[in-house]
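Subject: Structure handover

Hello,

Here is the structure I promised to pass on. Please open it alongside this note.

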Amino acid sequence: LGQVKVPKIPRAADGGPSFKLSVRVLGASIPGLPQPGIASRQRPFLQVASGSTKKETEFADFDTCFDSAKAGAGATECPWRFSDTLTFALQDAKKPGLQLNLRAKKDIVLGPLQVELNANEIGTGAVSVAERI
């Protein structure tokens, strides 16, 4: 029995990730953000951070098609569609959790000219990973 080689599995204390967390961002209701217009539009995106790792979704699309078979549950309440998945490698579910920042970038279109302005923060939040697993 002493000669049997047992595989060595790294633990979080060994410095390797103990699990991967996938965050699926489907849609949002953003009452203070108007739907896109002809000359001006704001495009929301979500920044998610876990410790020093930060990831962003693509810009959300405004969808007025409320076909629940196509858009899913909550389609009428959440017209901004993200449909992104962000993956994080975490070592400890108790810390640091996820920090959420909803931001929007504004575009102004004047004929053939398009100007992109800096992104503005719309709202922030946090999710405790330990309470969700």
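Below is what came out of the analysis, from the overall layout down to single residues.

**Overall layout**

Keep in mind that this is a predicted model. The protein chain has two helices and seven strands. Reading from the N terminus, the order is β-β-β-β-α-β-β-β-α. The chain counts 133 residues, and 25% of them are buried. Its accessible surface is about 9400 Å². Carbon and sulfur atoms hold 52% of that area.

Contacts reach across the sequence. Take those in the protein chain with a separation of 6 or more: 68% of them link residues 24 or more positions apart.

**The four-stranded sheet**

Four strands form an open sheet, in the order β3-β2-β6-β7. The pairing is antiparallel. β3 (53-56) and β7 (113-127) are the edge strands. Each has a single partner strand, so one side of each lacks a neighbour in the sheet. From one strand to the next, the twist averages 25°.

At the β3 end, β2 covers residues 40-50 and is joined to β3 by four bridges. These two strands run antiparallel.

**Pairings of β5**

β5 pairs with β1 (residues 19-28) in the antiparallel sense, over nine bridges. It also runs antiparallel to β4, with two bridges joining them. Ala-28 stands opposite Trp-80 in β5. Phe-62 stands opposite Trp-80 as well.

**Salt bridges**

As background, side chains of opposite charge can pair when their charged atoms come close. How many salt bridges does a search of the whole structure find? The count is five. Three of them are described here.

- Arg-41 and Asp-107: the side chains meet at 3.3 Å, N to O. Arg-41 sits in β2 and Asp-107 in β6 (residues 98-110), so the pair ties together parts 66 residues apart in sequence. Arg-41 is partly exposed, at 32% relative accessibility. Asp-107 is buried, at 0%.
- Asp-63 and Arg-81: the closest N and O atoms are 3.9 Å apart. Asp-63 is in the loop between β4 (61-62) and α1 (68-71), while Arg-81 is in β5 (residues 80-90), so the pair ties together parts 18 residues apart in sequence. Arg-81 is buried, with a relative accessible area of 12%.
- Lys-105 and Glu-116: here the closest N and O atoms are 3.8 Å apart. Lys-105 belongs to β6 and Glu-116 to β7, so this pair ties together parts 11 residues apart in sequence. Lys-105 is partly exposed, at 23% relative accessibility. Glu-116 is partly exposed too, at 48%.

**A backbone angle to check**

Most residues other than glycine have a negative phi. Ser-83 has a positive phi of about 55°, although it is not a glycine. Ser-83 is placed in strand β5. Is Ser-83 buried or partly exposed? Its relative accessible area is 45%, so Ser-83 counts as partly exposed.

**A nonpolar patch**

Leu-110, Leu-113, Val-115 and Leu-117 make a nonpolar surface patch of about 340 Å². β7 gives the most to the patch, with three residues. Leu-117 lies in this strand, β7. Leu-117 is partly exposed, at 35% relative accessibility.

Best regards

Technical notes: Residues numbered from 1 in each chain as written. Predicted model: local features only at pLDDT ≥ 70, side-chain atom pairs only at ≥ 80, totals over all residues. Heavy atoms only, no water. Pairing = 2+ DSSP bridges. Axes fitted to C-alpha atoms, helices over the stretch in contact; angles between N-to-C directions. Salt bridge = Lys/Arg side-chain N within 4 Å of Asp/Glu carboxyl O. Buried < 20%, exposed > 50% of the residue type's maximum accessible area, 1.4 Å probe, protein only. Contact = heavy atoms within 4.5 Å. Areas by Shrake-Rupley, 256 points an atom, 1.4 Å probe, with all protein chains shown as cover. Patch = residues over 30% accessible without salt bridge, like charges linked within 9 Å, V, L, I, M, F, W, Y side chains within 5 Å.
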